[in-house]
Amino acid sequence: MGLLGAAIGIGLAALGTGIGIGILVGKTVESMARQPEMAGELRTTMFIGVAFVEALALYALVVSLLLIFVKG
């Protein structure tokens, strides 16, 4: 049961991360199209946001691996 929970957990984390990054990048491109003079600042902010969102997926991966090795 622990392996199944870990697999479902990392799957949901990957799904959430994909959706989050997709929305983040989409809104940034939309903002750049509306105000091209802000493109540099928006791009920097987007990369910081992507790093934070991606960190959530890495945390989920670590927790899933811990569940597998501790329970399994």
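Helices (H or I, at least four residues) and strands (E, at least two) are DSSP runs, numbered from the N terminus. This is a predicted model, in which local features need pLDDT of at least 70, side-chain atom pairs count only at pLDDT 80 or more, and totals for chains, interfaces and linings use all residues. Residues are numbered from 1 along each chain as its sequence is written, and side-chain values use heavy atoms, with hydrogens and water left out.

View 1. Along the principal axes, its C-alpha atoms fill a box of roughly 55 × 15 × 5 Å.

**View 2. Thr 28 lies in helix H1, which covers residues 2-34.** With a relative accessible area of 9%, Thr 28 is buried (under 20% relative accessible area; exposed is over 50% and partly exposed is in between, with a 1.4 Å probe and protein chains only). Leaving aside residues up to four places away in sequence, Thr 28 touches Leu 42 and Met 46; contact means heavy atoms within 4.5 Å.

**View 3. Ser 64 is placed in helix H2, which covers residues 39-71.** The relative accessible area of Ser 64 is 7%, so this residue is buried. Its contacts, not counting residues up to four places away in sequence, are Ala 6, Gly 9 and Ile 10. Across the protein chain, 18% of the 72 residues count as buried.

**View 4. An unreviewed UniProt entry places the feature "transmembrane region" at residues 6-25 and 46-70.** UniProt positions are given in the numbering used here, feature names are shortened, and annotations may be inferred rather than shown by experiment. Residues 6-25 are 100% helix and 0% strand, with end C-alpha atoms 28 Å apart. Residues 46-70 are also 100% helix and 0% strand, and here the end C-alpha atoms are 36 Å apart.

**View 5. The feature "domain: V-ATPase proteolipid subunit C-like" is placed by UniProt (unreviewed entry) at residues 4-67.** This span is 94% helix and 0% strand. Its end C-alpha atoms lie 10 Å apart.
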